[in-house]
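Welcome! Let's look together at how charged side chains pair up in a protein model.

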Amino acid sequence: MTRDEVLSQVDDLGVRFVLLWFTDIVGNIKSVMIPSSRLPAVIDNGIAFDGSAIEGFARVAESDMLLVPDLSTFAILPWNNDDHNRTARFICTIHTPDGEPFKGDPRYALQRAISAAEEMGFRYMTGMELEFFMFYTDDYGKPVLDAPQDNAAYFDLSNEPAQAVRRDMLSTLEGLHIGVDTAHSETGRGQHEIDIAYSEALVSADHLVTTRVALKTVAQQHRLHCTFMPRPMADMPGSGLHTHQSLHDLETGANVFFDPTHPYGLSETARYFLAGQLAHARAMCAILAPLVNSYKRLGTSFEAPVYVTWAHINRGALIRVPGVGEEHGEHTRLEMRCPDPSTNPYLAKAAMLMAGLEGIRQKLPLPEAREESLFARPSGRMRHVDILPSSLAEALEVMSTDDVVLNALGPYISDRYADAKHQEFDSYNEQITPWEIERYLNRF
């Protein structure tokens, strides 16, 4: 929408407050609230904020930043929509005082990657399978892990209270103009999946940022806690963010991944793209699986990948080629299965896109597909199969030597992201866990 169209809607709908959202480097949402009367000036000039207070953004000496709302992200928040509190939301890009894009803005990192794809004649499209858990809360609002919202298993018909929450979630996303393909129970108790519709990568990333806020808000309204922690319980499977992706011709919109003559339906471009992602998969893990807890999902949780392989049928593969049939070639896509819902979607998509584009540029050869299960450690001819990092520390070490992934983030973000994550891992290593006390205190 244009400036005048946005302001007209704000006036017609009686919007009183406006939230300006952005993310820090590790993906936490930040927000600035303004009265709607200030919106014309903010659209024209941006609004200043102190970047030194945001993790990884800037030193005090270079702290002045501007939030610039992206008008295409205008939305009315359904949970603040009565006459007295009607609130709109914009997702912002971050600029320096002289108007230049801020090189530490994760959204700008994705915009750079999208521009690189466009220079090669491609549009990058993605869709996501978002998994999460919901738990009942105690009288103080804290989640109770032994009180999952329901006991439904994979695709089971949930009880009516759980169905009601899911309906509220889908209605809220619909009110935010976020398309949903399906929603259903997942394998774990209290675990759910909502599949966010396919769209252009930047829109898709914006939708994920918004969806995480929306689902947590709806859960709170039902006295539930919604968590995107990769694996909150050891006896339950983890939550993933399987990401479907394809390249489309910038002029015609045609899916350039499809080739009906190939056994897997993949064009040469798709095979190069897939090879690029496999080549840089271990380094991308630091972005796609960004928490200490992420590595208690990968390789140990149900169908979470551990080997750097691709396949059609094998759901333990890192990248899967879903079957679509020749008559539906426009839906040909690659499903990356190692991301989890704690990732910063802007950095995740930037890394995945740039790794795939590098495969196209270098015409990387594609390894053979691995349709057999690899959950047991490979032997014999399988020994050469690469394994994903087993810890955040290992993932960061691999990322530090991968120029493609580092360049996708840019030196400003990559340095500060690595520093933040090393601090996180060091803090984890300093903890004495209940497992250690129970196992060691009386034995030694």
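Which residue forms a salt bridge with Asp206? Arg107 does, and the closest N and O atoms of the pair are 2.7 Å apart. Here, a salt bridge means a side-chain nitrogen of Lys or Arg within 4 Å of a carboxyl oxygen of Asp or Glu.

This is a predicted model, where local features need pLDDT of at least 70, side-chain atom pairs count only at pLDDT 80 or more, and totals for chains, interfaces and linings use all residues. Residues are numbered from 1 along each chain as its sequence is written, and side-chain values use heavy atoms, leaving out hydrogens and water.

**Asp206 and Arg107**
- Asp206 sits in helix H5 (residues 201-221) and Arg107 in helix H3 (residues 106-119), so their bridge ties together parts 99 residues apart in sequence. Helices (H or I, at least four residues) and strands (E, at least two) are DSSP runs, numbered from the N terminus.
- Asp206 and Arg107 are both buried. Buried means under 20% relative accessible area, exposed over 50%, and partly exposed in between (1.4 Å probe, protein chains only).

**Glu200 and Arg123**
- A salt bridge joins Glu200 and Arg123, with the closest N and O atoms 3.3 Å apart.
- Because Glu200 belongs to strand E10 (residues 191-200) and Arg123 to strand E7 (residues 122-137), the pair links parts 77 residues apart in sequence.
- Glu200 is partly exposed at 41% relative accessibility, and Arg123 is partly exposed at 26%.

**The wider picture**
- Arg3, Asp4 and Asp44 are connected in a salt-bridge network.
- Across the whole structure, a search finds 13 salt bridges.
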